[in-house]
Amino acid sequence: GEVVVAPSEAERARAEARRRIWLAERASAGETATEPAVTRDGHRVEVAANAGSLEDARAAARLGAEGVGLLRTEFLYLDRATAPDEEEQLAAYRPLLESLEGRPVVVRTLDAGGDKPLPYLPLEPQPNPFLGVRAIRLARRHPDLLRIQLRAILRTGYPAVRVMFPMVASVEEIRWLREVFEEVRRELEAAGAELPRDLQMGMMVEVPSAAVLADRFAPWVDFFSIGTNDLAQYTLAADRTNPAVAELADAFHPAVLRLIRMVVEAGHAAGRWVGVCGELAGEPLAAPLLVGLGVDELSMAPVAIPAVKAAIRRLALSEARSLAEQALQLDTAIAVRELVRAAAPPADPRESTG
Ligand code: PEP
Ligand code: MG
């Protein structure tokens with residue numbers, strides 16, 4: 001996080017020493033990466049990977065992922081002149097899912113529009129793409145696009161498929177999505193397709209309205225996965241792609257943490273599992289907060305898995321809970337970062353540079 005121009009001998013030596021410690025830590029975390037992440041007092045947290053390609057899915061399994069908590073499917077849709085048809089999608093999902101060897105995989109439906117336009121679905125220019133026709137808002141305008149994707153995902157027959165919808169903001173939307181999902185499921189069943197044995201349908205929580213009303217959304221879903229990248233951007237009104245304000249969209253902000261707590265409480269009260277799949281999940285420094293808030297699953301870039309698992313193993317659930325409680329009472333993201341740093345001197349020297 002820091003660039004030193006023309007470092008002195010002493011600065012160079014310090015950086016080299018830190019690098020040696022970091023490499024040693026990384027090697028030791030890597031050795032235990034395929035073992036479960038259990039806190040000192042016996043609380044297990046599921047650690048999964050985010051993936052956006054077949055290569056990512058393979059890396060995930062190798063680096064100790066217990067599943068895929070977010071499969072971004074945009075790779076199938078972008079940079080082409082026409083939409084991928086059902087057979088092409090099926091042919092892409094099958095090897096990807098099979099590389100996870102039965103572990104659960106959360107497949108997110110298309111999250112395009114906004115800043116990722118599709119040439120075959122022209123939209124009028126949008127002054128605020130992130131507040132415009134994006135993700136399932138695009139699906140509502142083009143329901144066939146959604147149906148084709150759902151049919152392809154379900155037709156894989158992969159046992160532990162979870163379908164997840166991005167950017168749900170209102171209960172009407174999730175009701176409609178549940179309806180379409182069930183229709184597609186019934187159609188395929190009637191046609192004799194072999195469907196996933198353990199199929200779930202969930203939604204991302206990345207718009208504050210979905211967090212605040214999580215109890216009203218819960219009856220319509222099997223799980224929630226919190227997208228902290230967008231949740232921070234929308235909560236703090238700071239465009240994540242605008243470098244002038246991106247720093248404001250800090251997921252360590254107590255306002256974001258309070259929303260996460262609301263989702264966990266509402267989800268658990270309704271018997272739903274709750275994950276986090278934004279970048280925050282891959283930060284070892286955030287592990288005590290997320291575990292302390294009661295998050296059941298963390299999904300992250302595959303390379304982050306060994307260090308986050310190691311961070312979870314250093315925790316006690318009881319301590320993490322009280323740390324999370326304290327964080328919820330703070331005013332700023334900086335204060336939250338200071339609190340977690342002070343509570344757990346980082347084992348990984350990268351954590352002390354931020
Ligand atoms: C998020 O918003 O946190 C998320 C995981 O989705 P994406 O980064 O793909 O918008
Ligand atoms: Mg998002």
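Is the crossing of α9 and α10 left-handed or right-handed? I looked it up, and the crossing is right-handed. I note here that the model is predicted.

**Entry: the helix pair.** I took the two helices by residue range. Helix α9 covers residues 228-235, and helix α10 covers residues 254-269. Their axes come within 10 Å. They cross at roughly 120°. That angle makes α9 oblique to α10, because the roughly perpendicular range ends at 115 and roughly antiparallel needs over 145.

Next I listed who makes the contact. From α9 I wrote down T228, L231, A232 and T235. From α10 I wrote down A255, V256, L259 and I260. I then sorted the contact residues of α9 with α10 by type.

I then read off the lining of the largest cavity. The residues are Y77, T109, L110, A112, A135, I136, L138, A139, L145, L146, Q149 and P166. Which elements give two or more residues to this lining? They are α4 (136-141) and α5 (143-155).

Last, I sorted the lining of the largest cavity by type. I got 10 nonpolar residues, 2 polar and no charged.

Methods: Residues are numbered from 1 along each chain as its sequence is written. Chains are lettered from A and ligands numbered from 1 in the order in which they are written. This is a predicted model: local features need pLDDT of at least 70, side-chain atom pairs count only at pLDDT 80 or more; totals for chains, interfaces and linings use all residues. Side-chain values use heavy atoms; hydrogens and water are left out. Axes are lines fitted to C-alpha atoms, for helices over the stretch in contact, and angles run from 0 to 180 degrees between N-to-C directions. Helices (H or I, at least four residues) and strands (E, at least two) are DSSP runs, numbered from the N terminus. Angles under 35 degrees count as roughly parallel, over 145 as roughly antiparallel, 65 to 115 as roughly perpendicular and the rest as oblique. A crossing is left-handed if the near helix is turned anticlockwise from the far one by less than a right angle, and right-handed if clockwise. Contact means heavy atoms within 4.5 Å. On a 1 Å grid over the protein atoms alone, a cavity is a set of points where a 1.4 Å probe fits but cannot get out, and a pocket is an open set with protein on both sides within 12 Å along at least five of seven lines; lining residues have an atom within 4 Å of a point. Ala, Val, Leu, Ile, Met, Phe, Trp, Tyr, Cys and Pro count as nonpolar, Asp, Glu, Lys and Arg as charged, and the others, Gly among them, as polar.
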